[in-house]
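Dear colleague,

I am handing over the structure we spoke about, and I would be grateful if you could look through it before reading my notes below.

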Amino acid sequence: MLVEAAARLWSVPAGEITVTAGVVRHAASGMSSGFGAIAERAAGLEMPQNVTLKDPADFTLIGAEGITRLDAVEKARGLATFTIDVMRDEMQVVAVLHPPKFGAKVASFDPVEALDVSGVLAVREIPSGIAVYAVDTYSALRGREALVAAWDESAAETRSSEEIEAEFIAAARAPATVSEETGDVEAALSESAQTFEAEYVFPYLAHAAMEPLDGVVEWTPERAEIWSAIQIPTVAGPVFSAALGVAEDAVSVHTMYAGGSFGRRATASGQFEAELAAVAAAGGPGAYKLQWTREDDMTQGYYRPLTVHRLRAGLDTDGNITGWDNTIVNQSIAFGTIFEQTVMNDGVDRMAVEGSVDLPYGLPRRRVSWAQMINPVPVLWWRAVGHTHTAYATETFLDELLAAAGRDAVQGRLELITPDRARDRAVLERVADMAAWSGPGNGDRRLGVALHKSFGSYVAQIAEVENRDGAPHVTRVWCAVDCGVAVTPDIIRAQIEGGIGFGLSAALYEQLTLEPGGTVRERNYDSYRVLGLEDMPQIIVDIRPSTDIPTGVGEIGTPPIAPAVANAWRSFTGETPRRLPMIRA
Amino acid sequence: MATRLTVNGTPVTLDVNPDMPLLWALRDHLKLTGTKFGCGIAQCGACTVMLDGVPTRSCVTPVAAVEDAEVTTIEGIQGDAAHAVQKAWADLNVAQCGYCQSGQVMVATELLQNIPKPSDEEIDAAMGGNICRCATYARIRKGVRAASDALEA
Ligand code: FES
Ligand code: FES
């Protein structure tokens with residue numbers, strides 16, 4: 001339509017007009033124009049019915065290598081501005097003392113000692129805790145340490161995560177809400193020559209992004225400006241408008257670079273935004289930075305849900321899978337939020353079961369069910385959401401069934417993949433090639449495979465694992481990806497590498513536990529261990545050529561790594577780790 | 001009580017509580033925000049600065065301890081090694097969120113200043129203490145090697 005508009009404007013044939021690097025040009029007449037200058041004319045034209053898209057062979061940017069990120073230089077020089085770097089005139093820095101348990105509230109507090117700390121300006125109660133206002137960060141933190149508070153724990157979660165887990169396990173052994181069912185699973189299992197059963201436990205996980213949550217507000221009764229790495233600014237705007245009494249169209253949100261998020265900066269409840277707004281409202285017109293510490297970030301919830309899977313399956317005398325039953329138990333991420341309507345499907349949170357339904361494998365008699373647990377611990381999407389546990393349970397249990405049937409892990413999967421799932425098949429075949437797969441091996445380094453579709457993309461991984469002093473150490477990972485048209489291949493590879501590192505971190509080390517009484521045990525990186533450089537394997541990524549629509553890449557590397565590692569590890573120990581993380585402090 | 005020191009080659013006087021961690025003095029009082037806060041307990045390396053040429057975690061270094069010292073932050077690093085590291089970091093798309101990278105670049109620069117041709121083990125040993133939650137570790141290793149090659153050329 002831009003070409004058509006230019007053709008009419010310049011009275012030249014549309015067919016003679018070229019478009020390169022944002023410029024519409026007619027070579028013969030020497031006329032040229034940027035898009036903006038003719039956009040309005042183009043918008044006035046009739047929409048064409050049939051459009052011939054550019055031939056992929058003529059792409060110059062899509063799929064190009066050697067493209068560096070626009071933020072690459074400033075981030076290597078420490079010049080990129082994150083929220084924590086925003087400074088306003090007369091800005092107060094605020095630290096909030098939060099209740100020590102989920103669901104607890106302020107009962108009473110004594111601000112005297114905090115107010116004695118030099119640099120502390122004020123102490124105020126807000127709905128989520130007690131806010132200490134100070135001239136700088138250090139004073140705010142010292143003031144918070146000096147606060148004396150008592151808490152009302154009448155509505156608090158006081159169980160340990162072990163107790164919560166026991167409740168979930170009991171629920172996994174009872175009938176749950178069916179999400180997907182074909183055939184008579186119970187009959188299939190009772191007819192089987194051999195049956196198998198396993199229970200898996202996945203802990204709460206913190207996102208632990210490097211930049212703790214933070215935000216800046218500067219406001220007058222007429223207008224408000226917010227600086228924060230908010231992933232859903234449309235949720236945030238009304239929160240500030242309501243809290244500050246500023247008209248919604250006078251609230252502007254500067255969406256800053258996020259020092260990592262992995263889902264944490266996108267709560268439907270607007271948890272952090274509400275606290276930031278409350279801090280600003282209680283302080284009156286002015287400028288405020290609300291700075292969470294690592295401890296706030298880690299103890300204030302919104303975790304990957306603690307999850308239990310119970311799987312049962314059977315084999316017939318020929319080693320074919322007769323029936324497959326997967327019961328998933330956890331809290332719903334969508335429940336009680338604005339996303340509940342769209343995410344809940346016949347009483348099942350799709351984010352809880354995603355990756356355990358719609359499998360590529362032909363399992364004619366199968367059932368997937370979900371039981372919802374409700375407690376005050378806030379839960380949230382965490383890079384790859386439900387796939388973080390469903391891929392593990394499905395791909396390790398299947399691997400064991402294939403082994404019990406005497407089948408090869410790759411060949412056995414290929415035989416199970418249904419004809420309509422050619423893209424799953426292709427990435428699995430490709431990764432087997434890349435790693436020269438001929439089984440797990442029996443040397444110092446063993447291989448394990450996993451296949452998992454998420455966010456519309458198909459990923460197969462093979463992990464090479466060593467036994468280092470009785471614990472798995474991953475040396476190499478091969479990864480074949482089909483994510484449709486690969487727009488920026490190097491960024492895709494980077495995301496896959498990071499996604500694998502993120503998934504490996506959870507597989508090996510991460511867990512967020514509640515102590516008896518309900519306080520969070522892991523408060524900083526000393527106890528909440530995340531993957532370090534020494535644990536990062538070599539990663540070889542192959543992106544399949546494709547003309548399909550582009551699909552997700554940010555999260556898809558994460559789900560298959562844990563099961564691939566577990567399957568390799570089983571070859572050393574004979575057992576699948578039923579509980580993550582594999583290495584516990 | 002005022003503390004005198006040199007920051008990025010410029011003499012400065014910090015009139016703050018001597019117990020204040022250098023991190024917050026740099027950020028809040030000298031407005032040098034390239035140095036980041038990640039944990040506050042010497043676990044992540046995001047706050048790394050050079051203190052008399054040695055990579056140091058500024059979150060646990062009180063201002064009182066840097067009297068008369070020379071502090072270099074990400075804003076002030078110079079020289080061939082620093083430039084090679086920063087160029088390699090950009091060329092190889094090392095950064096994702098980028099928040100840890102000031103600290104990574106500081107440590108990588110110091111490594112190459114002392115060992116221009118580090119072995120894989122030396123790279124892992126030097127860089128091993130800096131957390132990157134985006135797990136850019138594969139490219140951090142590559143970046144150090146590329147910078148090392150560039151320094152040799
Ligand atoms: S902030 Fe200093 S080591 Fe983490
Ligand atoms: S690039 Fe995000 S923490 Fe390192």
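This is a predicted model: local features need pLDDT of at least 70, side-chain atom pairs count only at pLDDT 80 or more; totals for chains, interfaces and linings use all residues.

The domain assignment divides chain A into domain 1 (2-51), domain 2 (83-154 + 213-291) and domain 3 (161-205 + 303-573), and the C-alpha centres of domain 1 of chain A and domain 3 of chain A are 50 Å apart.

In chain A, an open sheet of five strands has the order β9-β19-β16-β15-β10, with mixed pairing. Strands β9 (177-182) and β10 (194-202) of chain A are at the edges and have a single partner strand each, so one side of each lacks a neighbour in the sheet. On average, neighbouring strands of this sheet are turned by 10 degrees against each other, direction ignored. Within it, β15 (residues 307-315) and β16 (residues 321-331) of chain A run antiparallel and are joined by eight bridges, with R310(A) opposite T327(A) in β16(A). Helix α6 (residues 161-172) of chain A packs on the sheet, where it touches β10, β15, β16 and β19 of chain A, while helix α13 (residues 387-404) of chain A also packs on it, touching β10, β15 and β16 of chain A.

Elsewhere, β20(A) and β21(A) form a hairpin with two residues between them, and F455(A) in the turn has a positive phi of about 50 degrees. Eight of the 10 residues of β20(A) are buried.

With best wishes

Definitions and conventions: Residues are numbered from 1 along each chain as its sequence is written. Chains are lettered from A and ligands numbered from 1 in the order in which they are written. Side-chain values use heavy atoms; hydrogens and water are left out. Domain bounds come from an automatic or database domain assignment. Buried means under 20% relative accessible area, exposed over 50%, partly exposed in between (1.4 Å probe, protein chains only). Helices (H or I, at least four residues) and strands (E, at least two) are DSSP runs, numbered from the N terminus. Two strands pair if DSSP finds at least two bridges between them. Axes are lines fitted to C-alpha atoms, for helices over the stretch in contact, and angles run from 0 to 180 degrees between N-to-C directions. Contact means heavy atoms within 4.5 Å.
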